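Thanks, I will keep this short.

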Amino acid sequence: MKHVRTTALLAACAAALLLSACGGESGQAAPAAPTSAPTSAAPESSTAAAAPVGDVTKPGTELKLGERAVVPFKYGTAKSGMIAITVTAIEKGDNADLAKYGDKAKGITPYYLRATVENVDGADLAYSSVSLRALGSDGRSTGVIITGSTDRCKSGTAGKDFTSAGAKFETCTLQGAREGAAVEAATFDKGDGYDKSPVVWKN
């Protein structure tokens with residue numbers, strides 16, 4: 001009987017050792033989890049890289065002066081990227097500022113739409129420029145077409161280093177209104193969707 005018990009005890013120990021070894025093998029499989037972790041991390045980094053796209057300002061959005069709009073931007077036929085536009089001021093000028101336009105400027109009051117433009121995604125947008133449009137108090141175009149610049153309103157252009165995220169430049173768009181009317185808002189209306197429903201900045 002003692003011999004049988006000893007045999008049974010040895011068999012139980014062997015089974016215990018076998019179970020321990022299996023457990024050890026399953027323990028060795030644990031490092032496989034970190035191996036799969038980088039695979040799941042990759043999408044996170046790509047999502048982070050695409051984050052600016054999620055911040056795009058929808059067509060038709062109304063903002064206050066000083067608020068930032070992130071919009072898709074194309075310049076010419078070869079350059080495109082994401083930019084942020086912040087309209088900082090809508091300034092009323094004097095008709096005398098338009099003296100160089102001669103009689104064509106008679107009865108027109110100039111307005112200066114000042115803005116800061118930022119490169120959001122690091123696209124090569126060197127030497128690009130951005131223009132805005134003015135709206136009257138009725139929310140429609142003022143009906144005045146005026147281009148160029150004055151001593152008080154110089155159109156800015158991106159420099160050669162406007163190729164990295166965070167790069168900025170200042171610009172001013174010259175617009176006008178008939179005497180007795182006023183400019184109450186500035187708009188960005190370039191690109192798909194924005195041509196029909198521009199982003200609007202109001203005083």
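Start with contacts, meaning heavy atoms within 4.5 Å. Among those between residues at least 6 apart in sequence, 68% join residues at least 24 apart.

A note on the source: this is a predicted model, where local features need pLDDT of at least 70, side-chain atom pairs count only at pLDDT 80 or more, and totals for chains, interfaces and linings use all residues. Residues are numbered from 1 along each chain as its sequence is written, and side-chain values use heavy atoms, with hydrogens and water left out.

Next, the elements. Helices (H or I, at least four residues) and strands (E, at least two) are DSSP runs, numbered from the N terminus. The protein has three helices and eight strands, and the order along the sequence is α-α-α-β-β-β-β-β-β-β-β.

Now the surface. The accessible area, by the Shrake-Rupley method with a 1.4 Å probe, is about 12300 Å², and carbon and sulfur atoms account for 56% of that. Of the 203 residues, 33% are buried, that is, under 20% relative accessible area with a 1.4 Å probe, protein chains only.

Where does strand β4 sit? β4 covers residues 108-119, and eleven of its twelve residues are buried, so the strand is largely enclosed by the rest of the structure.

As for its partners, two strands pair if DSSP finds at least two bridges between them. β4 pairs antiparallel with β3 (residues 79-92) over nine bridges, and antiparallel with β6 (residues 168-178) over eleven bridges. Take alanine 115 in β4: valine 87 stands opposite this alanine, and in β6 its bridge partner is threonine 171.

Notes:
Buried < 20%, exposed > 50% of the residue type's maximum accessible area, 1.4 Å probe, protein only.
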